[in-house]
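Hi,

Here is the structure I promised to pass on to you. Have a look at it first, and my notes follow below.

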Amino acid sequence: MKFGGTSVANIERIKAVAQRVKREVDAGNEVAVVVSAMSGVTNQLVDWAKELAPLHDAREYDVVVASGEQVTCGLTAIALQELGVDARSWLGWQVPIKTDDAHGKARIVDIPCDDLNRRFAAGQVAVFAGFQGIGSDNRVTTLGRGGSDTSAVALAAAVGADRCDIFTDVDGVYTTDPRIVAKARKLDKITYEEMLEMASLGAKVLQIRSVEMAMKHRVRLQVLSSFEDKPGTMVVDEEEIMEKELVSGIAYSRDEAKITLTRVADKPGVAAGIFGPLADANVNVDMIVQNIAEDGQTTDMTFTVSKGDFDRAKQVLEANRDKLVFRDLISDSNVVKVSVIGVGMRSHAGIAQRMFKALAEKGINIQVISTSEIKISVLVAEEYTELAVRALHTAYGLDSE
């Protein structure tokens with residue numbers, strides 16, 4: 001059972017978490033609990049570190065930001081003990097949750113759990129500090145923002161849990177953002193692949209790495225509300241879903257910026273010349289379109305990067321202008337990526353045509369298109385975000401009755 005920051009935001013909520021855990025214990029289950037820092041605490045710790053030194057030592061940064069989970073972990077164990085539940089807190093280094101040495105974004109390498117399994121068998125509830133681990137040099141490490149989700153899935157895989165419940169401030173995974181589409185409906189089940197696409201395209205329900213890990217180790221995930229006592233959404237293997245929806249959801253990402261290089265020489269090695277320096281500068285490129293210009297000798301290259309990488313990408317390209325030989329660099333950050341996702345696409349034709357028709361009927365121009373086996377993404381002007389999402393939600397029959 002993993003509880004996010006809003007679920008443990010104050011003492012009353014921590015008491016409610018303890019009651020929920022006790023219910024599972026009383027039902028005869030062996031329970032592990034993973035907690036995040038109280039809502040807002042990590043942001044405060046990050047701000048303090050930045051205020052002292054914008055280019056701070058990453059190892060000391062991890063020591064600071066990992067402390068939020070330590071507090072919640074201890075308080076949750078105390079709350080459980082007050083209810084008569086045998087509970088003990090565990091920090092990342094005590095388990096130990098072994099990670100690599102990439103401070104601030106460490107990856108889990110191993111979780112020895114013989115001692116934990118003995119304690120579970122004896123009826124003890126283990127309360128873990130999420131988000132943290134220990135590197136090969138015995139320094140505290142952290143797993144990146146949202147890392148408690150990854151902690152929970154990794155622990156579930158290590159101890160062979162039947163299920164990993166992620167308690168959050170939403171009651172499940174919806175067909176799209178309910179704030180945009182009032183008729184969005186909650187999904188009972190969604191596949192790992194679909195959830196991975198949703199998470200990478202802006203749905204902030206689960207951290208992407210946690211979904212990747214769940215898919216790799218076949219950990220059954222459930223996303224459910226901390227504040228309402230009702231079933232959530234199960235994230236499962238494709239084989240567990242009998243009737244596969246043609247389209248499961250519509251996702252959108254505002255974190256997009258478009259760059260076009262005009263009149264680039266149309267010859268082998270040009271694409272490598274453009275995207276190589278960007279990769280070296282750690283700029284991640286997403287959608288790519290290449291068009292042959294009218295003269296037949298040159299090409300226009302359009303691609304997208306995240307808004308955070310936008311300025312750096314332009315800087316890198318301008319610095320390599322002489323080598324790349326392009327005429328103009330045209331940029332636009334007022335764009336949004338809208339995606340249609342569904343494993344049912346694999347076996348059905350006409351999905352893309354329906355998307356393009358729905359957008360055309362609303363007068364929405366498509367700037368870039370990219371596809372995968374279970375996803376079609378288009379780039380449109382940001383002002384059309386809500387209109388596009390609503391139109392596609394209706395076009396694929398996702399509106400609730």
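**What turned up**

In the second largest pocket, α6 provides the largest share of the lining, four residues. Before going further, two points on the ground rules. Residues are numbered from 1 along each chain as its sequence is written. This is a predicted model, where local features need pLDDT of at least 70, side-chain atom pairs count only at pLDDT 80 or more, and totals for chains, interfaces and linings use all residues, while side-chain values use heavy atoms, with hydrogens and water left out.

**The pocket**

The second largest pocket holds about 520 Å³ of space. A pocket here is an open set of points on a 1 Å grid over the protein atoms alone, where a 1.4 Å probe fits, with protein on both sides within 12 Å along at least five of seven lines; lining residues have an atom within 4 Å of a point. The volume is the space filled by probe spheres set on the points, which are joined across faces, edges and corners.

Its lining has 21 residues, and Glu30, Val31, Ala161, Asp162 and Arg163 lie nearest the centre. At least two residues each come from β2 (32-35), α5 (114-121), α6 (147-159) and β9 (164-168); helices (H or I, at least four residues) and strands (E, at least two) are DSSP runs, numbered from the N terminus.

Leaving aside residues up to four places away in sequence, Met195 touches Val173, Ile190, Val205, Leu206, Val211 and Val235 (contact: heavy atoms within 4.5 Å).

**Two single residues**

Gly144 sits in the loop between β8 (140-142) and α6. Gly144 counts as buried because its relative accessible area is 13%. Phe131 is 13 residues from Gly144 in sequence and 7.2 Å from it in space, C-alpha to C-alpha.

Thr299 belongs to strand β15 (residues 298-305) and is buried, at 1% relative accessibility.

Enjoy exploring!

Key
Buried < 20%, exposed > 50% of the residue type's maximum accessible area, 1.4 Å probe, protein only.
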